[in-house]
Amino acid sequence: MAPPSNTTTNDELDALVVGAGFSGLYHLYQLRKLGFSVKIFESGSGMGGVWHWNCYPGARVDSEVPLYEFSIEELWKDWKWTERFPDRNELCSYFDYVGKKLDLTKDISFNTRVTAARFDSSTERWTVTTELGTIVRPRFLILSVGFAAKIHIPDFPGLDRFQGIWHHTANWPQQEVDVKGKRVGVIGTGSTGVQVVTDIGPKVKHLTVFQRSPAIALPMNQTKVDEERHQKMRELSPLIYSRRKQTLSGHNIQPIPQDTFSVSREERYLTWEDLWSRGGLNFAVGNYRDVMVNQEANDELYAFWRDKTRARLTNPTMQEKLAPTVSPYPFGAKRPVMEGSYYDVFNQPNVELVDATEAHIQEITPKGILTSDGIEHEFDILVIACGFDSVTGGITQIDIRGLDGTSIKEKWAGGVYTNLGMTTANFPNMFFLYGPQAPTALSNGPTCIEIQADWINRCIQYMTDNKLTRIEATREAEQEWRDLNMSVAGGTLLGKAKSWYNGSNIPGKPVEPLNFAGGIPYYKSALQEREDQGYKGFILLGSPDGKDFAGSCETEYKTEIANGHAKGVNAEPIVGY
Ligand code: NAP
């Protein structure tokens with residue numbers, strides 16, 4: 001078939017990067033610096049990835065700066081944040097600044113959605129196609145699509161008949177939607193729903209929140225970054241960027257190296273008060289080391305959270321719905337949520353909470369939502385904050401086909417197989433970041449991304465230096481990596497929650513640990529080891545002497561993790577983040 005007339009081909013490209021968020025921009029900058037030809041195809045009209053798309057009311061990052069930014073000195077030395085937890089607009093300004101400062105935009109095609117990619121073994125190149133019909137043939141395909149590129153809209157009957165305005169939060173119109181004086185329904189109480197409710201609660205005429213599981217929300221303790229704080233932040237930035245690679249979650253705080261019940265109740269409570277007052281993720285990632293493996297310890301922690309939260313609420317029914325007596329799921333097994341005045345909103349007289357486990361959403365009517373108790377809730381605006389087909393969905397929604405023609409979607413239909421959470425057998429010269437079986441959602445994004453991208457870039461350099469044309473994960477290596485992921489997560493309470501962490505939020509999706517739960521230092525050391533071994537666990541083709549390299553990984557990782565001695569690192573599973 002003849003290509004469409006607007007088709008352009010580019011057979012010179014070393015790497016095509018899909019996505020202009022943290023990982024895509026980092027790759028573009030670093031690979032270009034190494035002398036490779038690189039382009040980014042980005043489906044949005046601007047940079048920032050999730051931060052471009054997620055412009056819903058109240059959108060804000062809940063990892064604090066400067067942990068949540070690039071470690072590139074050229075960038076941070078001249079950038080000043082205004083808040084400890086910047087909002088979405090400030091983050092977009094940051095990405096614009098990054099684009100200009102590093103001169104990245106000239107190599108990014110915006111409004112360019114990649115729809116398909118096929119590996120051609122005769123040329124050892126990918127053929128990548130976009131929605132617009134553009135075709136490029138890079139040597140390497142780098143999927144920097146993030147963990148939240150595929151939105152999830154539950155199959156609510158009648159949604160198309162709703163006569164008001166409705167949007168999924170990640171498809172929120174870039175122009176503001178005026179909620180003032182409106183009747184608004186919000187479905188979902190994850191990080192996104194909590195932020196929407198907090199922001200619009202004081203503005204709307206009436207708010208109805210449909211909650212299936214209560215969020216376990218922690219105090220964000222937002223503060224402005226004044227000049228003194230800014231100076232201090234910049235003085236410490238190099239230390240912070242090094243330190244974040246040494247902690248389990250990629251932040252600058254480690255779990256306490258003691259078990260919850262090994263200290264007195266008084267000591268425990270004072271420690272928790274201290275972590276609580278620090279705000280942000282400190283309470284989640286800096287807690288006692290056993291809270292994610294010991295249910296009793298987890299319950300004790302939950303009780304502390306519950307009592308703190310109930311004290312914020314005036315209505316006993318709201319107290320029980322929002323902070324139930326018994327923990328609805330282990331603390332940390334769903335991603336902890338940050339809040340400022342979320343609970344205060346539920347003290348307002350115009351705010352209603354519908355328990356969607358008792359009165360479930362039966363259908364969307366032209367006027368609103370009909371729940372199974374026969375009540376029709378009427379709205380002008382409906383906010384769908386139901387999350388994403390996370391971690392794998394952004395990759396599998398592209399029709400990517402490997403050596404034998406099988407698609408990645410078909411390959412992962414029964415479960416995810418990756419080598420090191422960045423590659424998968426049958427898909428040579430393809431890398432993905434911040435995706436499945438890497439620390440991803442259990443870690444600070446920029447920390448994980450920079451470690452992975454640096455490894456990938458060194459691998460591409462190694463292949464080029466050695467005139468290698470193909471790198472492909474072996475089946476044995478990915479089986480080993482999957483087993484390791486299972487065994488580490490299996491020792492935790494992560495599997496006890498229905499969460500996007502394990503795919504159980506999407507009907508029909510295999511339920512399995514989607515994130516590597518062994519922590520950043522262990523992950524980093526595993527990557528380094530493979531590199532030092534000449535990419536053991538991969539098949540490398542095209543060596544100048546005509547001999548191909550092949551290797552398969554060994555089981556030592558599993559053993560080390562089980563013994564808790566991984567390279568001298570505390571390899572105990574991390575607190576969910
Ligand atoms: P989410 O955590 O998956 O939450 C989705 C919500 O929708 C849950 O409360 C879920 O209930 C509910 N839901 C799903 N299907 C439903 C149905 N059929 N009926 C009723 N309720 C339903 O998604 P999210 O809040 O968009 O957050 C996703 C992730 O994005 C976060 O965990 C976080 O990592 C990231 N994020 C970060 C920030 C930030 O940095 N500030 C902000 C927003 C998001 P159940 O819990 O019962 O399934």
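A residue counts as buried when its relative accessible area is under 20%. Glu124 has a relative accessible area of 13%, so Glu124 is buried in this predicted model. Glu124 sits in the loop that links strand S4 (114–120) to strand S5 (125–130). Glu124 is not a glycine, yet its phi is positive, at about 60°.

Asn429 presents a second case of this kind. Its phi is positive, near 55°, and Asn429 is likewise a residue other than glycine. Asn429 belongs to the loop between helix H13 (408–411) and strand S19 (430–432). The relative accessibility of Asn429 is 1%, so Asn429 counts as buried.

A further backbone feature involves a proline. The peptide bond that runs from Val65 to Pro66 is cis. Its omega is near 10°. Pro66 is located in the loop between helix H2 (50–53) and helix H3 (73–76).

Helix H14 spans residues 445–465 and contains 21 residues. From first C-alpha to last, H14 reaches 30 Å. This is close to the 30 Å expected at 1.5 Å a residue. Of the 21 residues of H14, 15 are buried, so the helix is largely enclosed by the rest of the structure. Lys467 follows H14 and has a positive phi, near 55°.

The ligand was examined next.

In the side chain of Arg335, an N or O atom is 2.9 Å from a ligand oxygen. For Asp62, a polar side-chain atom lies 3.1 Å from an oxygen atom of the ligand. Ser191 takes part through its backbone, where a polar atom is 3.1 Å from an oxygen of the ligand. On its own, the ligand has 910 Å² of accessible area, and the protein covers 88% of that area.

Methods. Residues numbered from 1 in each chain as written. Predicted model: local features only at pLDDT ≥ 70, side-chain atom pairs only at ≥ 80, totals over all residues. Heavy atoms only, no water. Helix = DSSP H or I, 4+ residues; strand = E, 2+ residues; numbered from the N terminus. Expected span 1.5 Å × (residues − 1). Buried < 20%, exposed > 50% of the residue type's maximum accessible area, 1.4 Å probe, protein only. Polar contact = N/O pair within 3.5 Å; in protein donor to acceptor, adjacent residues only side chain to side chain. Areas by Shrake-Rupley, 256 points an atom, 1.4 Å probe, with all protein chains shown as cover.
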